[in-house]
Amino acid sequence: MWARLDEPFTEPFFEQTADRAMRRPFNQIFARRTSLAALDDAATRAPAIPPSGFIFHMSRCGSTLIAQMLAGLPSAVVLSEPQPLDALIRLRRGAPNLPEETLLRWFRGMVSALGRPRRGEQRLFVKFHAWHVLELPFIARAFPGVPWLFVFREPRAVLRSQARNAGPELLAGMIDPAYLGIQDPAELASPDYGARVVASFCDAALRHRAVGRGMFVDYAALPGAVTSHVSEFFALPRSAADTQRMHEAALRDTKAALTAPRLHAPQDGAATVEHMAATWLDAPYAALRALATTPQS
Amino acid sequence: MSREGLEALRACVYADPELARGLNGLADARFGAEVVRAAAELRCDVTDDDVRTAIAQAREAWMLRWIL
């Protein structure tokens with residue numbers, strides 16, 4: 001379904017922008033349904049902005065902050081975890097008979113359709129869902145040469161954040177267990193499951209480094225890294241006004257309105273987090289730190 | 001409700017970017033009346049009630065999209 005959107009994507013997440021659009025009576029009456037085949041020529045039918053950069057992440061690590069800082073630039077369109085791209089990526093496993101070339105064409109078409117300029121923007125950034133780093137090679141095949149970031153954070157902080165308010169990526173079954181090498185469904189109920197999922201994102205980023213054009217950004221370097229290393233990496237012009245806009249965006253707490261503390265925090269939370277981080281995440285975290293803010297050519 | 005009238009109007013709106021832009025720019029309070037007026041000009045049979053019902057149905061479908 002296609003809604004008309006005249007205003008920029010300013011909310012922290014695509015879903016919020018879509019919801020705003022669908023509250024307008026025009027879209028309630030005239031939102032248009034098409035088949036996926038409509039994406040076949042979407043990339044060539046109307047002017048679109050070629051992607052300038054992709055953002056991957058391990059979850060709860062500052063990637064939304066980066067997206068919001070980029071969205072503060074008048075020259076940029078930022079798509080933050082767009083559900084339509086998630087749906088297409090899921091088709092890779094959900095419809096295994098679908099030719100890869102068709103899926104690539106639809107993926108390009110969807111990025112093109114969502115990323116059209118509305119106010120003369122010239123740059124397009126996509127922040128993907130955390131699990132999409134598992135499919136980084138597919139995304140890189142769709143858009144060869146587009147630089148990408150992987151954002152990461154000290155794993156105990158990530159696990160504590162997830163324990164307070166678990167993201168959908170940590171719900172058992174939201175990600176095909178085959179990505180995690182899980183054969184036995186009973187493992188989905190394991191207390192380690194969430195840490196294994198997050199570790200799989202880090203492992204995938206390290207593994208897919210070979211794709212090239214990647215940069216690893218440590219949460220500890222935010223927000224400063226966005227106006228320095230990241231801007232340089234994404235070839236952003238860095239006027240004083242743009243830098244100021246990004247700093248102002250960084251001051252807004254993008255997720256404050258979205259998160260609520262869990263009513264029943266686990267009693268043994270600290271020990272559990274420590275055990276899971278040490279077992280699953282310390283090694284990839286150390287490897288990521290060794291690569292941090294180093295562009296991979 | 002005239003489903004055919006609304007479908008005919010939708011086809012006109014999809015084919016005419018200027019018309020779409022004009023209707024999209026309307027304030028919510030004027031939207032229903034202007035849609036009916038535009039429909040009449042285009043000889044599509046659409047009433048106030050059709051518009052209200054379509055909006056209510058769309059709103060409900062959007063709210064329930066994750067659970068149905």
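Predicted model: local features only at pLDDT ≥ 70, side-chain atom pairs only at ≥ 80, totals over all residues.
Confidence comes first. Chain A has an average pLDDT of 89, and 93% of its residues score at least 70. Residues 260-267 of chain A are another story, with pLDDT below 50, and this stretch makes eight contacts in the model beyond near neighbours in sequence.

Next up is strand S4 of chain A, which covers residues 148-152 and is mostly covered, with five of its five residues buried. A:Trp148, A:Phe150 and A:Phe152 point one way from S4(A), while A:Leu149 and A:Val151 point the other way. Side chains in a regular strand alternate between the two faces of the sheet. S4(A) pairs with strand S1 (residues 51-57) of chain A in the parallel sense, over four bridges; here A:His57 stands opposite A:Val151. S4(A) also pairs in the parallel sense with strand S5 (residues 214-218) of chain A, this time over five bridges. In S5(A), A:Gly214 is the bridge partner of A:Trp148.

A:Arg90 sits in helix H5 (residues 83-94) of chain A. It counts as partly exposed because it has 16 C-beta neighbours inside 10 Å. A:Arg90 and A:Asp176 are 86 residues apart in sequence, yet their C-alpha atoms are 9.1 Å apart in space.

Finally, there's the contact between the chains, which takes nine residues from chain A and 15 residues from chain B. Helix H2 (residues 25-30) of chain A gives the largest share of chain A's side, five residues. By class, that side has five nonpolar, one polar and three charged residues.

Key: Residues numbered from 1 in each chain as written. Chains lettered and ligands numbered in written order. Helix = DSSP H or I, 4+ residues; strand = E, 2+ residues; numbered from the N terminus. Buried ≥ 20, exposed ≤ 12 C-beta atoms within 10 Å, placed from the backbone. pLDDT = per-residue confidence, 0-100. Contact = placed C-beta atoms within 7 Å. Nonpolar A, V, L, I, M, F, W, Y, C, P; charged D, E, K, R; others polar. Pairing = 2+ DSSP bridges.
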